[in-house]
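Student: I have a new structure open and I'd like to learn how to read it. Can you walk me through a few features?

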Amino acid sequence: MPGLTWRSFIEELARTMLPQTVQQTFIEVYASNEDSGQSAHDRLNISQKTEEAHLKICYEKFQQELPRLAEKGGGGKKELLLEHLQRKFAGQQQSVAAIQSQRETPQQEPTESPAPVVGNLQSIQVRDSAEFFGRDLILREIHTKLQEQPRLALVGMGGVGKTEASVQYATAYTQHYPGGTWWLSVPQGNIGGQVLSITVQRFQNFPADVYRNLPPTDLAQRCWQEWYGKGRALVVLDDVAHIGEVQAFLPKPAELVVLLTSREALDLPLLRLDVLGPIPALQLLFSAMGKPVPKGETLEECLAEVTPKQVPALCQQMDCLPLALELIGKYLKQLEQDEEPLSIPQLILQLEGKGLRHGALKKENYLMNGQRGVAEAFELSWARLRDSAQRLAELLVPYQVGATIPHDLLEAHTQRYLQLRGQDYDHVMLREDIRNLRNRSLLKGNTNSGYSIHPLVHRFFKDKLEGKL
Ligand SMILES: Nc1ncnc2c1ncn2[C@@H]1O[C@H](COP(=O)(O)OP(=O)(O)OP(=O)(O)O)[C@@H](O)[C@H]1O
Ligand SMILES: [Mg+2]
């Protein structure tokens, strides 16, 4: 594959990814010399409208690997796609360079160190590892577990950092995956199409057009066949709502290692992700505020580096949940930039009053990878609870925040509540409701240890009970 040029790269992409009718426009827009003074449609002898219609088809095709294309208004799409293509090109050049350097060094057997395949992580935003806090052990655990079994679900409540941990794992451990590290976003849908898209990126001669019209799961399975025996690769399936939506798309557990993230306990080997410890929580908050990150090894050392002293109380109020800390930190930063700074004690008071309905905890565009607000993240799990489990959640509200609730007490409480309403109590159903809440990462504990709820989830249940959400 000597001399990969920008033009040959663009032509190859056009050939493998786009319908024939728009290929020429794509090539002309992205590969031709604009210095000629003529616009692409003039050079192609088509109208500007036709050029725009062709590009629209191209954007749709690239949306699978560049989701931000769907969000962007018409104006910036061309540039956004160009940047993406340039990153992709750089990645492939690295692969080509690696192959060439092997060829030029005859003492090296090419099969001993095959060219690294980059994967498609460039298409999503990856946080600098220096701003990723408190998860070293988890990354190592993910790696160990994936060595034992090539499938693992990273499970935890909304906003706890599942997506971020899996991105960071894929980035940090890339050298263990000579077949590349690949990212698929499940909520984006069209999983078959996404598998096709990464297969085409990985194997440029893959005859995509021959298989494009297969039913989606057959298409995915046909694509995976191409990967087997060609180097261990990591595939991340991010944000799986339930196993049913991805099961038939999974590759055979051979050389492809699959890491899934979900708020729900999937029927697979699991690794549960909990909120951050107090030190990384503090570090994340300061990093989001754009302030120097405390580096102390103990909480006391960290606290000596920061003011005001109420900061740990704010972290605690936010339950050390990464999503909440990041939103709060960015909110404070924004207010400071707007010259309307809010003190941390003031914010603590406001949050006590408004809880999850406070503007600071709502969805903000500046978060990474299409992140949600806190209530919005919890809502996704709430919507998948059965009715009786939602009712049980509301019964948990009178318990003190952070308290452990013994099983017997909860049982007696539920029984009394139902009897007062003339309904029968059924302990099997209670246990199923508890499981339902636990499987959706909204409740912790078991019959023996008793149960506990994260303070922010507690607040969410309370707002639900009071009809405020
Ligand atoms: N350890 C961490 N250090 C720094 N930032 C983090 C960390 N973990 C998560 N974040 C940030 O917190 C936010 C929420 O994390 P993430 O999107 O990974 O949560 P999630 O568990 O995938 O949520 P959801 O269930 O809604 O998909 C993101 O903006 C992410 O970048
Ligand atoms: Mg996520």
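**Reading the sheet and the backbone**

Tutor: Let's start with an open sheet of 5 strands, ordered E2-E3-E4-E1-E5 and paired in parallel. This is a predicted model, where local features need pLDDT of at least 70, side-chain atom pairs count only at pLDDT 80 or more, and totals for chains, interfaces and linings use all residues. Residues are numbered from 1 along each chain as its sequence is written, while chains are lettered from A and ligands numbered from 1 in the order in which they are written.

Student: Which are the edge strands of this sheet?

Tutor: They are strand E2 (181-185) and strand E5 (270-272), each pairing on one side only. On average, neighbouring strands here are turned by 20° against each other, direction ignored. For that angle, axes are lines fitted to C-alpha atoms, for helices over the stretch in contact, and angles run from 0 to 180 degrees between N-to-C directions.

Student: How should I read "strand" and "pair"?

Tutor: Strands of a sheet pair through backbone hydrogen bonds, either parallel or antiparallel. Helices (H or I, at least four residues) and strands (E, at least two) are DSSP runs, numbered from the N terminus. Two strands pair if DSSP finds at least two bridges between them. Here, strand E3 (residues 233-238) and strand E4 (residues 256-262) pair in the parallel sense over 5 bridges. Leu237 stands opposite Leu260 in E4.

Student: What about the backbone angles?

Tutor: Most residues other than glycine have a negative phi, and most peptide bonds are trans. Now look at Asn45, which is not a glycine but has a positive phi of about 60°. Asn45 is in the loop between helix H3 (40-44) and helix H4 (48-62). Glu339 also has a positive phi, near 55°, and sits in the loop between helix H15 (322-337) and helix H16 (344-354).

Student: Where is the cis peptide bond?

Tutor: It runs from Thr307 to Pro308, with omega near -10°. Pro308 lies in the loop between helix H13 (299-305) and helix H14 (311-317).

Student: Is Asn45 buried or exposed?

Tutor: Count C-beta atoms, placed from the backbone: a residue is buried if 20 or more others lie within 10 Å of its own, exposed if 12 or fewer, and partly exposed in between. Asn45 counts as exposed because it has 7 C-beta neighbours inside 10 Å. Glu339 has 6 such neighbours, so it counts as exposed. Ile138, in helix H7 (residues 136-148), has 18, so it counts as partly exposed.
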